[in-house]
Amino acid sequence: MAAADRQPVRAVALHALAYCERLFYLREVEGIEPANERVWAGRALHEELDEGDRMVTLTLESESLGVKGKMDAVRRRNGTLFAVEHKRGRAMRGGGKAKLPWPSDRIQALAYAFLLEEHTGEAAREVRIRYHRDNHTVRLPVEAADREDLATAVMRAHELARSTSRPAVTSDE
């Protein structure tokens with residue numbers, strides 16, 4: 001295994017990977033941070049949430065998962081421990097009035113769920129994503145297949161990190 005393949009992938013990098021492989025490559029391989037108004041707005045949200053003693057972040061790393069990340073919040077409700085990821089935008093609309101997590105938010109949140117599980121020994125049952133624009137929290141159950149989704153994303157991140165060429169610009173805006 002190459003040294004780069006032993007480096008844990010940041011959960012936020014997995015978010016970028018699921019959103020756009022080229023964005024992942026620019027940020028994680030070339031070190032280019034294309035900041036725009038959405039990036040700045042997201043940072044501002046996290047700064048606002050971090051004021052006072054309500055918001056406590058937690059940074060964890062796992063060699064076995066190949067992931068590291070800084071969780072926005074960890075909560076316990078009805079005996080269940082779960083991570084909460086805060087997003088400034090809206091949830092994805094499903095059939096009817098259902099609100100779902102975006103795929104990029106889902107993989108980032110799952111990384112946090114499995115990091116928390118490994119470090120606490122408590123089974124990850126769910127993770128929550130708080131969408132501030134529509135004032136809605138998506139409760140995402142954690143399932144066995146999700147661990148494989150995370151492993152696949154980590155493998156893809158390592159493949160791109162070894163690559164010497166940028167992924168193509170996506171045709172899906």
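**A tour from the cavity outward**

By class, the lining of the largest cavity comprises seven nonpolar, one polar and three charged residues, where Ala, Val, Leu, Ile, Met, Phe, Trp, Tyr, Cys and Pro count as nonpolar, Asp, Glu, Lys and Arg as charged, and the others, Gly among them, as polar. Before selecting anything, note that this is a predicted model, in which local features need pLDDT of at least 70 and side-chain atom pairs count only at pLDDT 80 or more, while totals for chains, interfaces and linings use all residues. Residues are numbered from 1 along each chain as its sequence is written, and side-chain values use heavy atoms, with hydrogens and water left out.

**Stop 1: the cavity**

Select Leu81, Phe82, Ala83, Ala113, Leu116, Glu117, Thr120, Glu122, Ala123, Ala124 and Glu126, which line the largest cavity. A cavity here is a set of points, on a 1 Å grid over the protein atoms alone, where a 1.4 Å probe fits but cannot get out, and lining residues have an atom within 4 Å of a point. The largest cavity holds about 60 Å³ of space, a volume being the space filled by probe spheres set on the points, with grid points joined across faces, edges and corners. By this rule, the count is one cavity of 30 Å³ or more. Two elements give two or more residues each to the lining of the largest cavity, strand S5 (80-87) and helix H5 (103-120), and H5 contributes the largest share, four residues. Helices (H or I, at least four residues) and strands (E, at least two) are DSSP runs numbered from the N terminus.

Is Glu117 buried or exposed? Glu117 is buried, at a relative accessible area of 19%, since buried means under 20% relative accessible area, exposed over 50%, and partly exposed in between (1.4 Å probe, protein chains only). Leaving aside residues up to four places away in sequence, Glu117 touches Glu122, Ala123, Ala124 and Arg147, contact meaning heavy atoms within 4.5 Å.

**Stop 2: the sheet and the helix across it**

Next, select S4, S5, S8 and S9, four strands that form an open sheet in the order S4-S5-S8-S9 with mixed pairing; two strands pair if DSSP finds at least two bridges between them. Strand S4 (73-77) and strand S9 (136-141) are the edge strands, each pairing on one side only, and the twist from one strand to the next averages 30°. Strand S8 (residues 126-131) and S9 run antiparallel and are joined by six bridges, and within this part of the view Arg128 stands opposite Arg139 in S9.

Axes are lines fitted to C-alpha atoms, for helices over the stretch in contact, and angles run from 0 to 180 degrees between N-to-C directions.

**Stop 3: two asparagines in loops**

Move to Asn78, in the loop between S4 and S5, which has a positive phi of about 50° although it is not a glycine; Asn78 is exposed, with a relative accessible area of 83%. Then go to Asn135, in the loop between S8 and S9, where phi is near 50°, again a positive value in a residue other than glycine. Asn135 is exposed too, with a relative accessible area of 55%.

**Stop 4**

Which residues of H2 are buried? They are Ala11, Ala13, Leu14, His15, Ala16 and Leu17, and what covers them includes strand S1 (9-10), H3, strand S3 (67-71), S5, H5 and H6. In helix H3 (residues 21-29), select Leu23, Phe24, Tyr25 and Leu26, which are buried; the buried residues of H3 pack against helix H2 (11-19) and helix H6 (144-162). Just after H3, Gly31 takes a positive phi of about 70°.

Finally, select Ser163, in the segment after H6, which counts as partly exposed at 25% relative accessibility. Ser163 and Val29 are 134 residues apart in sequence, yet 8.8 Å apart in space, C-alpha to C-alpha.

**Last view: the whole chain**

With the whole protein chain displayed, the secondary structure comes to six helices and nine strands. Of the 173 residues of the chain, 40% count as buried, and among contacts between residues at least 6 apart in sequence, 65% join residues at least 24 apart.

Conventions
On a 1 Å grid over the protein atoms alone, a cavity is a set of points where a 1.4 Å probe fits but cannot get out, and a pocket is an open set with protein on both sides within 12 Å along at least five of seven lines; lining residues have an atom within 4 Å of a point.
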